[in-house]
Amino acid sequence: MHTSESSRASEGKGVGLGLALVSALAFGGSGVAAKPLIEAGLDPLHVVWLRVAGAALVMLPLAVRHRALLRSRPALLVGFGLLGVAGVQAFYFASISRIPVGVALLVEYLAPALVLGWVRFVQRRPVTRAAALGVVLAVGGLACVVEVWSGLSFDALGLLLALGAACCQVGYFVLSDQGSDSGEVPDPLGVIAYGLLVGTAVLTVVARPWTMDFSVLAQRADMNGTPVAAGLLLGWIVLIATVLAYVTGVVSVRRLSPAIAGVVACLEAVVATVLAWVLLGEHLSAPQIVGGAVVLLGAFIAQSSTPAKGSVEPVATGGAESRLSARENAA
């Protein structure tokens with residue numbers, strides 16, 4: 001029985017890791033598709049609004065199907081929309097208007113460390129030293145990937161806005177995990193659908209899409225010398241970088257944990273940098289390549305050292321009380 005349970009837990013963890021990687025790949029491709037649209041004349045916030053509103057339209061039938069969530073989980077839906085959808089993107093785009101993109105990206109991806117702090121100090125669950133080491137390695141690797149030393153700015157407001165994006169990303173991972181311990185798990189597709197609707201409403205106020213030059217979407221955008229239909233790029237952003245990314249991301253958190261899925265999500269920065277190298281001609285330096293390898297190592301250490309939910313092992317080697325708690329959660 002123990003072997004069977006361990007096998008199922010290991011299989012679920014493997015599926016969760018795979019979904020987290022797909023999510024990181026999907027999210028990582030958004031910038032490469034969005035940059036040509038921005039260079040073609042669209043405001044960054046307008047691109048964000050098109051992304052979220054388009055995804056909300058795609059997911060609208062699922063929102064209707066899961067309308068019972070409006071009565072059973074209204075706070076979760078609002079929180080996910082405000083933090084996981086609108087908050088992360090709005091804070092991030094506001095921060096890069098004041099500080100270098102690399103610095104903002106590094107601060108935003110401090111979220112895995114903040115998630116680990118949430119697990120340890122708010123949920124009062126022990127974490128392994130190896131998991132903590134994985135976070136440290138991932139953040140250090142990200143510092144190399146974004147080459148933070150090349151343009152550090154001490155604009156206090158800009159740094160606070162980037163930290164706001166990180167805190168909203170923590171909210172995304174924590175809210176994605178709601179109900180998984182109690183067994184009362186809200187349907188992830190319904191949560192995402194309503195989160196996108198809430199995010200669209202919030203971003204409509206912020207981005208003011210009625211001022212957008214919609215004619216840009218009927219033209220071609222330049223991708224490193226190659227003309228690409230703007231509508232095709234928008235379709236990629238909506239369907240792959242948003243719908244697929246959020247669905248696989250939320251499901252992966254349920255199979256892993258907020259802490260580990262958060263660390264794996266660090267790979268988004270690596271993916272974005274590699275894709276920018278291949279598709280936009282933005283070449284990687286030696287420190288960036290090394291940093292990407294360190295991020296991968298940190299994610300691997302963290303995910304392999306922290307058991308998935310449902311495992312009979314404790315989250316950390318914390319003694320009989322932790323083991324009993326893990327068994328109660330498994331039951």
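Which residues in helix H2 (residues 30-39) are buried? I looked and found Ser30, Val32, Ala33, Ala34, Pro36 and Leu37. For me, buried means under 20% relative accessible area, exposed over 50%, and partly exposed in between (1.4 Å probe, protein chains only). Helices here are DSSP runs of H or I with at least four residues, numbered from the N terminus. Just after H2, I noted that Gly41 takes a positive phi of about 130°.

A reminder to myself: this is a predicted model, where local features need pLDDT of at least 70, side-chain atom pairs count only at pLDDT 80 or more, and totals for chains, interfaces and linings use all residues. Residues are numbered from 1 along each chain as its sequence is written, and side-chain values use heavy atoms, with hydrogens and water left out.

Next I checked helix H5 (residues 74-95). Its 22 residues should span 32 Å at 1.5 Å a residue, and its end C-alpha atoms are 29 Å apart, which agrees. The expected span is 1.5 Å times one less than the number of residues. I also found a bend of about 45° at Gly87 in H5, taken as the angle between axes fitted to the seven residues ending there and the seven starting there.

Then I turned to the inside.

How values were computed: Helices (H or I, at least four residues) and strands (E, at least two) are DSSP runs, numbered from the N terminus.
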